[in-house]
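Q: I would like to learn how to read a protein model feature by feature, with the general idea given before each case. Could we begin with charged side chains?

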Amino acid sequence: MKAVQISDGIYCLPVNLESYQLFEGMWPMPNGISINSYVVQGEKTALIDLIEDINDKPAEFQSELQSIDLTPKSFDYLIINHMEPDHTSWIPTLIKENPAIEIYLTKKAAAVLNSFFSITEHTHIIKDGDTLDLGGGKVLQFFETPNIHWPETMMTFEQSSGTLFSCDAFGAYGTVNDIYFDDQLSKEQHDFFHQEALRYYANIVASFSTFVNKGIARLDDLDIKVIAPSHGIIWRENPKAIIDDYHRFASYMNGPAEKEITLIWASMYGNTAKLVDSIIKGVESEDVPLHVHRVPDEHVGIILASAWKSSGLILGMPTYEYEMFPPMSWVLDMFRRKKLWNKKVLRFGSAGWSGGAQRELDRITEKNKWEFMEPIEWFGAAGQEQHDLAVQRAAELARTIKEG
């Protein structure tokens, strides 16, 4: 790929990570993800964020630099918005090729830079609102936005073009290939990137939702014309669209979320599975949107997106050796970690020979602020009574969600 011009003197240098990789070593990304670095040229030249030093990505990055007649030695400044290795692991090579480059970052980021790479020279600690004049009308302004999603993060705003370099905020899964901007997208592609923004948010940012709202409020006074994140598409036609998405995603933590239900179920020998159709029948009787996921067939990284935006959850799981079926335990623990709060919840499942799944569920979710309905649990095979209860209680939950 070649560098992509955003406006006069401002370029994006995207590289794509392939779909077979797990993002952060954990999250599936069947459509890959881009890592976007940016160049701002005035009388002096700044590089904003970097790429991951993996496989052939540095070579791709340098090829993109060459497409705009730049090399690593061309830069006067490196702006580090965020120290996570997918944006910084190529720093040692850059410093080796350009040892005089001046680095601008937050105080906490400087400590991380030292701990990762033992780099302390030529670093400049920014304070919130500080500016860096590149000359030629290009002025960078820095805003501390801690915990979106690491404590050292900041965003960089180029004043003349109204471009916000937001790093991981306002990002999305999905590679960029020949289409880089929101105004180049078809309706289907728009829908794809909005959905992948939700999934990215649920996987990466969700537990920091309180800080997302604070960060968005911090930017209210800026005349933002372009949002240039470090992952995914660049928003230049309607940057407010992705800001509104993130504001809405953050609001789901404290509710209300969407009037939808996510059903997540697992079964060992089919006894819990036999009640799934009755559960679905009950929800559908109230015309409430339903998302259905089976564990462990689907990864929690996929499940999180629909669970995060749904006001209601239905959990189907058997007891396994006095506790929850282990694949479901992992899902529920991830819900705890990601602060999947304020949900209305129904649980059903086979009790095995002893019961116990409900006890572990209660323990794992004790801080999730969930409102539980009475569970449906049985020994052996479910009978007509359990099927009738499943229809009744699933419909009751759906009515509560619809009327809420």
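A: A salt bridge is counted here when a side-chain nitrogen of Lys or Arg lies within 4 Å of a carboxyl oxygen of Asp or Glu. Please keep in mind that this is a predicted model, in which local features need pLDDT of at least 70 and side-chain atom pairs count only at pLDDT 80 or more, while totals for chains, interfaces and linings use all residues. Residues are numbered from 1 along each chain as its sequence is written, and side-chain values use heavy atoms, with hydrogens and water left out.

Q: How many salt bridges does the rule give, and which residues are linked in a network?
A: Side chains of opposite charge can pair when their charged atoms come close. In this model the count comes to 19 salt bridges, and Glu18, Asp56, Lys57 and Glu60 are linked in a network of them.

Q: Where in the chain do Lys57 and Glu18 lie?
A: The closest N and O atoms of Lys57 and Glu18 are 2.8 Å apart in their salt bridge. This pair links distant parts of the chain, since Lys57 belongs to helix H1 (residues 57-67) and Glu18 to the loop between strand S2 (10-17) and strand S3 (22-23), 39 residues apart. Helices (H or I, at least four residues) and strands (E, at least two) are DSSP runs, numbered from the N terminus.

Q: Is Lys57 buried or exposed?
A: Buried means under 20% relative accessible area, exposed means over 50%, and partly exposed lies in between, using a 1.4 Å probe and protein chains only. Lys57 has 2% relative accessibility and therefore counts as buried, whereas Glu18, at 31%, counts as partly exposed.

Q: What separates Asp333 and Arg336 along their helix?
A: Asp333 and Arg336 meet in a salt bridge of 2.9 Å, N to O, and because they are three residues apart in helix H10 (residues 326-337), about one helical turn separates them. Arg336 is partly exposed, with 36% relative accessibility.

Q: What is the order of the strands in the open sheet of five strands?
A: Strands of a sheet pair through backbone hydrogen bonds, either parallel or antiparallel, and two strands are said to pair if DSSP finds at least two bridges between them. The open sheet has the order S10-S11-S12-S13-S14, with mixed pairing. Strand S10 (131-135) and strand S14 (226-229) stand at the edges with a single partner strand each, so one side of each is left without a neighbour in the sheet. S10 pairs with strand S11 (residues 138-144) in the antiparallel sense over four bridges, and Gly135 stands opposite Lys138 in S11.

Q: Which strands pair with strand S17?
A: Strand S15 (residues 258-265) pairs with S17 in the parallel sense over six bridges, and five bridges join S17 to strand S20 (residues 344-350), again running parallel. The bridge partner of Glu258 is Ser310 in S17, and that of Leu313 is Val345 in S20. As for accessibility, S17 (residues 310-316) is mostly covered, with seven of its seven residues buried.

Q: Which residues lie nearest the centre of the largest pocket?
A: On a 1 Å grid over the protein atoms alone, where a 1.4 Å probe fits, a pocket is an open set of points with protein on both sides within 12 Å along at least five of seven lines, and lining residues have an atom within 4 Å of a point. The largest pocket is lined by 15 residues, of which Met268, Tyr269, Thr319, Ser350 and Gly352 lie nearest its centre.
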